[in-house]
Amino acid sequence: MDRGVTVASSRIERWQLRPGDHIYAWRSTHAYAFPHHGIYESHTKVIHFKAPLEESSSFIGAAGNAAAAKAKSYAFCRECHEAMRHGGVVWCCLECFLEGDNLCLFAYSVPLWFYTARNIGEIANRARFTCTTKAADPPEKVLERAKDMLARNGFGTYNALVNNCFDFAVFCKTGGALVSPARAPILEWDQQLGPGHSCVVVVVLLPT
C-alpha cells in the first residue's frame, strides 16, 4: 500500500509526508479511543477542524515552560495555541497536531480486501476508519479546499458526532463524506433539527 501502510499498521515516518496527505494520530490522552485527523501542508502547517481549546490548555513560551510541559493537557507552542484557541477550521505545526502521538496516514484507493481487513470491527464507527476504497483528488485540489475552509472558517459548527475532524479531512480529500450504515440515521436526525449542525452534503461512499 501507499508508503508502507499495511493491514497491521498505518504508521509512517515524517520524511514520507507529502503536501495534501490526510494524516491522523490516535490520542493517547484518551486511551487511544479515537484519532484526530487533518490535512498536511508542511511540517509547520497542518489544517484541521476541532473544538475550541479548553481553558485549561497550556502553551510553551519562547523560552519554554517546564511546569506547562508537565500539565495534563498538551503544551502547545504559543503560535499554535493562539491559532487553535477558538476552534473551527484551524492550523498548527505538525508537532502540536500530533501532541506527542504517532503519525499515521489515511489511505485512499485501497482494494476491497484491504479495506475490509483494515476496518474489521469498525464498520459501525466511521471515526475509527483508517482507509477507504474511494479515490482522493489531486493534492493541489485537496489543499485548495483546506485553505479555502481555513480562510473563511467555513465548515460549520464542530460536532463530535456529525461534523468533526474526520469529516473535514475526508471532505478536503474527496469533496464528499464517508458515512457508515450506523451513522446514516444520526445524520438524518441531525439534519431534521435545522441549520447550524452540519454543513457538508453527505455522499455515501461504501465499498462495492
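## Secondary structure

The protein has seven helices and seven strands, where helices (H or I, at least four residues) and strands (E, at least two) are DSSP runs numbered from the N terminus. In order from the N terminus, the elements are β-β-β-β-α-β-α-β-α-β-α-α-α-α.

This is a predicted model, in which local features need pLDDT of at least 70 and side-chain atom pairs count only at pLDDT 80 or more, while totals for chains, interfaces and linings use all residues. Residues are numbered from 1 along each chain as its sequence is written, and side-chain values use heavy atoms, with hydrogens and water left out.

## Burial, surface and contacts

Of the 208 residues of the protein, 45% are buried. Buried means under 20% relative accessible area, exposed means over 50%, and partly exposed is in between (1.4 Å probe, protein chains only).

A contact means heavy atoms within 4.5 Å. Taking contacts between residues at least 6 apart in sequence, 63% join residues at least 24 apart.

## Helix α5

Helix α5 covers residues 139–152, 14 residues in total. From first C-alpha to last it reaches 20 Å, close to the 20 Å expected at 1.5 Å a residue; the expected span is 1.5 Å times one less than the number of residues. Its buried residues are V142, L143, R145, A146, M149 and L150. Viewed down the axis of α5, these fall within an arc of 160 degrees, so they line one face of the helix. The arc is that of the directions from the helix axis to the C-beta atoms. An α-helix has 3.6 residues a turn, so residues three or four places apart point the same way.

The cover over the buried residues of α5 includes β2 (35–42), β3 (45–50), β6 (88–92) and α6 (165–174). On the other side of α5, E140, A151 and R152 are exposed. Just after the helix, N153 has a positive phi of about 45 degrees.

## Cysteines

Zero disulfides are found in a search of the whole structure, a disulfide being a pair of cysteine sulfur atoms within 2.5 Å. C80 is in no disulfide, and the nearest cysteine sulfur, that of C77, is 3.2 Å away. C80 is buried, at a relative accessible area of 2%.

C93 is also buried, with 16% relative accessibility. Its closest cysteine sulfur is in C80, at 3.7 Å, which is too far for a bond.
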